[in-house]
Amino acid sequence: MISLAMIVKNEEKYLARCLDSAAAMVDEIIVVDTGSTDRTIEIALEYGAKLFHFEWCDDFSAARNYALKQASGDWMLVLDADEYFVEGSADVIRAFTSTTARRIGLIDIVSRFVEYGHEFEGVRGIPRLFPRGVTYKGRIHEQPTPLMPMVETGLRLLHDGYYMTDKSIRNIPLLLKALVDEPDSAYLNFQLGRQYQGTKQHELAEQYLKKAYALLKPSVPFAAETVTELLQAHTKCKHYDQALALVGDEIALLESSPDFCFAVAQFLLDYAIDSQDYSVVENIENSYLKCLELGRRGVEEVVVGSSNFLAAYNLAVFYESVGNDSGAQQYYALSASYGYEPAIERVKG
């Protein structure tokens, strides 16, 4: 038996879509409302949800654990209202939960975001499917406990609640509160750095990402992303010496992370423009080519396209800027072959 456990507040815009995608995949729906004033409760009841109320206390784990406590299933599926499954997921979830093995299932969550006037997608594997008895820990960006093997489920969720929406007003104060209790948490410092990065407060982002990096254990799942985010913060702050030192210390990531390679290329490009030092031009080209090589090898990326269409497009722009017209045409065409609209427009032009 699979229980869907959700916490919600004022989600009338998204909730029906979420439940449409998930209701047939589960045996019961638990919805815990934390103070809705719109039609959220009415929508939940329309889908046969068992409805409960919880007084919000600035603690996502407390709310989620309350929802899990109400569920009676052998397996728990945790969703947010602004997420929804792609078609064909029901058989996958049933196959994963048919085993008696105690393990936590990772679900790929695809989120849209806008940067530099362009729309991008990011993908992260998040633990959202687990056996009864697992609970959450952490005020925000909560994680399941106890630790047990985490396994890819093959499930995929689309998420657009952050798209064109600033959740930092909510998230940053909660992260700062959480850091009072756990100041030496690499994960919380990383998440706070990411929040400040998203609000373009790059000096603050750099501060917290540097602390996360100092506390980092290479084995944690967010290690490469921490390094990449810190490199981007150094670049935004124009702390090029620190960026160069970081690339030197983490050079092995050039063989395993398209996102890091992409960030290296961006750092070198900004450095070359600002310093008028064009000795790094070849390394800019090589970094984008490395992104594409990793993509051909099937290496996973966080920002969708960093190993294929985005890298190809940026390489084409770079070639165009240095007068390599044939190279530009080749890589605009490659990027366009993935359906990337800016590249398609350049090919047409």
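Biologist: Let's start with cysteine 291. How far is its sulfur from the closest cysteine sulfur?

Modeller: First the idea: a disulfide is called when two cysteine sulfur atoms lie within 2.5 Å of each other. The closest cysteine sulfur to that of cysteine 291 belongs to cysteine 261, and at 4.9 Å it's too far away for a bond. Keep in mind that this is a predicted model, where local features need pLDDT of at least 70, side-chain atom pairs count only at pLDDT 80 or more, and totals for chains, interfaces and linings use all residues. Residues are numbered from 1 along each chain as its sequence is written, and side-chain values use heavy atoms, with hydrogens and water left out.

Biologist: How many disulfides does that rule give?

Modeller: The count is zero.

Biologist: Is cysteine 291 buried or exposed?

Modeller: Relative accessible area settles that: under 20% is buried, over 50% is exposed, and in between is partly exposed (1.4 Å probe, protein chains only). Cysteine 291 comes out at 0%, so it's buried. Cysteine 57, with 38%, is partly exposed.

Biologist: Now helices. How do I read a packed pair?

Modeller: You describe two packed helices by the angle between their axes and the distance between those axes. Helices are DSSP runs of H or I with at least four residues, strands are runs of E with at least two, and both are numbered from the N terminus. The axes are lines fitted to C-alpha atoms, for helices over the stretch in contact, and angles run from 0 to 180 degrees between N-to-C directions.

Biologist: Then at what angle do α11 and α12 cross?

Modeller: Roughly 155 degrees, for α11 (residues 281-296) and α12 (residues 309-321), and their axes come within 9 Å. For the names, under 35 degrees is roughly parallel, over 145 roughly antiparallel, 65 to 115 roughly perpendicular, and the rest oblique. So α11 and α12 are roughly antiparallel. Their crossing is left-handed, a label used if the near helix is turned anticlockwise from the far one by less than a right angle (clockwise would be right-handed).

Biologist: How are α6 and α7 oriented to each other?

Modeller: They're roughly antiparallel as well. Helix α6 (residues 186-198) packs on α7 (residues 202-215) at about 160 degrees, with the axes 8 Å apart, and the crossing is left-handed. Phe190, Arg194 and Gln197 are among the α6 residues in this contact, and Leu209 is one of those from α7. The contact of α6 with α7 divides into 10 nonpolar, four polar and two charged residues.

Biologist: And what do α13 and α14 look like?

Modeller: That pair is oblique: α13 (residues 325-337) and α14 (residues 341-348) cross at roughly 135 degrees, with axes within 8 Å. Among the residues that meet are Tyr332 of α13 and Arg346 of α14.

Biologist: Which residues does glutamate 229 contact, leaving aside its neighbours within four places in sequence?

Modeller: Phe190, Arg194, Gln197 and Leu209. Glutamate 229 sits in helix α8 (residues 223-236) and is buried, at 11%.

Biologist: What about arginine 124: where does it lie?

Modeller: In strand β7 (residues 118-131). Arginine 124 is partly exposed, at 26%, and its contacts beyond four places in sequence include Arg194 and Glu225.

Biologist: Last topic: what should I look for in the backbone?

Modeller: Exceptions, since most residues other than glycine have a negative phi, and most peptide bonds are trans. Aspartate 58 has a positive phi of about 60 degrees, in the loop between β3 (50-53) and α3 (60-70). Histidine 141 also has a positive phi, near 50 degrees, and belongs to the loop between β8 (135-137) and β9.

Biologist: Which peptide bond is cis?

Modeller: The one from threonine 145 to proline 146, with omega near 5 degrees. Proline 146 is in the loop between β9 (143-145) and β10 (150-159).

Methods:
Contact = heavy atoms within 4.5 Å. Nonpolar A, V, L, I, M, F, W, Y, C, P; charged D, E, K, R; others polar.
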